[in-house]
Amino acid sequence: MTASLRRAKPEDLEQLVAMDLRNFGVTILPADAEIADDLLDPDRFVVAFDGDQMVGAGGSYQMDLTVPGGGTLPLSGVTWVSVLASHRRQGLLRSIMNGLDELAVELEEPVLGLTASEGPIYERFGYGIATRTRVTTVDRRRTGIRPDLEPERVRLVEAEEHVDELLAIYDRYRLTQVGEVSRSEPVMREQTISAKKRNFAAIHPDGYAVWSVDLAWHDGHPAHTVWIKDLVAVTPEAHVALWHLLLSLDLVGSINGRTAVAPDDLLPSILTDQRALRTTDLNDGLWLKVADPIAAFSARDYRTDDRLVVGVTDDLRIGRAASPPVTDRFVVTGAGAGPTDEEPDIVLTRAGLGPLLLGTSATVLTDGGMAIGDDKALNRADLFFGQARAAHCRTGF
């Protein structure tokens, strides 16, 4: 590898933005460099140079992750990771990811998370899929809110003028949703505001929705497409009110969302025709890497009064009959986690720890080759680590 790594400096940000946008196939405009001023902190980035040319970079946002029980955990929100095509297959990406691991330890952030642009990359670095993203479309012409429900009123506003209000509601919401992360004001703007389209918004005291519209007139037969950019509801009443507003929009054919409907969302149960809601894809959402298992598993609550010893292996996959070498182990009780030298009840790959932290079934992880244990231990783990609602993350970064 000819490139050298170092911590970023403020003067690197313009080149970092240009390189990242080029790698992701985005047309670079002069205004794009302004993104860096509010969004990116150079102290949280590592950059790679080959001579005077930046050829790779990766950074993180300081975030908080909501874990089962309503507690939060400091999270390194890994972002803007890219390497120039001319410098691939040289170990540069691994060096950048290792640098971000070291930075997380330095900042005392026990968990790292990311939302991936490509699926096959990050498991080998210890990240596992901890939430799923449900891509949906609703045929507005076929359905509405059930008549026995009485939607409360919402306010229609310009999203750009109410970012602070939206963020205040979001902060309340994310503490109720396992798997969700905190947003800074710049991240909130990036998440909800599009510079290329008008952003419509509806606000309820306990929720909000932000959307844009693609026009389709079809020679006098309109069927516009609504794209939900962000929709959160702290209460069921807010959820009903916001969807009632969206389903009441004129001239609309379909209402589409990439993160608006959680895997176990109550939306189908409030529609007059549940079949009008279709799931068109189920993608990976938040990927987690647990850097400090004791801190991470001490931050959440548990559903049963049990005591389980968890082993960790550096193997990427575990066969059901395998006996993988254990490189780390810790014990978890209802009071938290701590070190131990005991034999593990279950063993997980490093990529399996993140999903387990947010409540993914140990049995499911076993079926996927990320955990191993006898049936009795797996059943105990499913009860102990599980939770009532699916983890979900609406925030892309």
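This is a predicted model: local features need pLDDT of at least 70, side-chain atom pairs count only at pLDDT 80 or more; totals for chains, interfaces and linings use all residues.
Let me start at Leu 215, which sits in the loop between strand 10 (207-214) and strand 11 (224-233), where helices (H or I, at least four residues) and strands (E, at least two) are DSSP runs numbered from the N terminus. Residues are numbered from 1 along each chain as its sequence is written, and side-chain values use heavy atoms, with hydrogens and water left out.

Leu 215 counts as exposed because its relative accessibility is 60%; exposed here means over 50% relative accessible area, buried under 20%, and partly exposed in between, with a 1.4 Å probe and protein chains only. Together with Trp 217 and Leu 251, Leu 215 makes a nonpolar surface patch of about 330 Å². Such patches are made of residues with over 30% relative accessible area and no salt bridge, nonpolar side chains (Val, Leu, Ile, Met, Phe, Trp, Tyr) being joined within 5 Å and like charges within 9 Å. A salt bridge, in turn, is a side-chain nitrogen of Lys or Arg within 4 Å of a carboxyl oxygen of Asp or Glu, and the areas come from the Shrake-Rupley method with a 1.4 Å probe, only the protein chains shown counting as cover for residues.

The loop between strand 10 and strand 11 also holds His 218, which has a positive phi of about 50° although it is not a glycine, and which is exposed at a relative accessible area of 51%. Glu 108, in the loop between helix 3 (92-106) and strand 5 (111-114), is likewise not a glycine and has a positive phi of about 60°; its relative accessible area is 67%, so Glu 108 is exposed.

Turning to buried elements, strand 15 (residues 307-313) has six of its seven residues buried, so it is largely enclosed by the rest of the structure. Strand 15 pairs with strand 16 (residues 328-333) in the antiparallel sense over six bridges, pairing requiring that DSSP finds at least two bridges between two strands, and Gly 311 stands opposite Arg 329 of strand 16. With strand 18 (residues 346-349), strand 15 pairs in the parallel sense over four bridges, Val 310 having Ile 346 as its bridge partner there.

Finally, seven of the eight residues of helix 9 (residues 350-357) are buried, so this helix is largely enclosed by the rest of the structure; the buried residues include Ala 351, Pro 355 and Leu 357. Just after helix 9, Gly 359 takes a positive phi of about 105°.
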